[in-house]
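Dear colleague,

Please find below the structure that I am handing over to you.

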Amino acid sequence: MNKNVLFVNLRPQKVEKVAPLLTAKRMGINVIFLAGVNPQVDSHLITDIIVADTYDQEEVLKKVKEFNKRNTTVIVIFMFL
């Protein structure tokens with residue numbers, strides 16, 4: 001079974017942005033990233049990207065449900081700005 005974690009947005013500072021992604025990778029967890037735009041981090045840190053307007057709750061839920069149908073269960077982590 002694949003382990004996935006879904007990060008919703010990331011912190012603006014590079015060190016704050018990359019640290020949780022590196023930790024997840026070291027733990028063998030696939031990193032799924034949800035944001036309004038591409039996060040501009042090294043592609044080896046992110047397994048998949050879901051692009052959605054994070055201020056539009058209905059769109060976010062729709063996209064995550066679509067993703068979840070194709071993948072295993074996802075744990076969600078919100079990164080507040």
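A residue is called buried at under 20% relative accessible area, exposed at over 50%, and partly exposed in between, with a 1.4 Å probe and protein chains only. Helices (H or I, at least four residues) and strands (E, at least two) are DSSP runs numbered from the N terminus. This is a predicted model, in which local features need pLDDT of at least 70 and side-chain atom pairs count only at pLDDT 80 or more, while totals for chains, interfaces and linings use all residues. Residues are numbered from 1 along each chain as its sequence is written, and side-chain values use heavy atoms, leaving out hydrogens and water.

The protein chain contains two helices and four strands, arranged along the sequence as β-α-β-β-α-β. Of its 81 residues, 35% are buried.

Strand β2 is largely enclosed by the rest of the structure, because five of its six residues are buried. Strands count as paired if DSSP finds at least two bridges between them. β2 pairs with β1 in the parallel sense over five bridges, and Val-8 stands opposite Leu-34 of β2. Four bridges also join β2 to β3 (residues 48–51), again in parallel; here Ile-32 has Asp-48 as its bridge partner.

A nonpolar core is a set of buried Ala, Val, Leu, Ile, Met, Phe, Trp, Tyr and Cys residues joined through side-chain atoms within 4.5 Å. The largest such core has 13 residues, and among those touching the most other members are Val-5, Phe-7 and Phe-33. β1 (4–8), α1 (14–26) and β2 (30–35) each supply at least two residues of this core. A second, separate core of nine residues includes Leu-6, Leu-34, Val-60 and Val-64.

With kind regards
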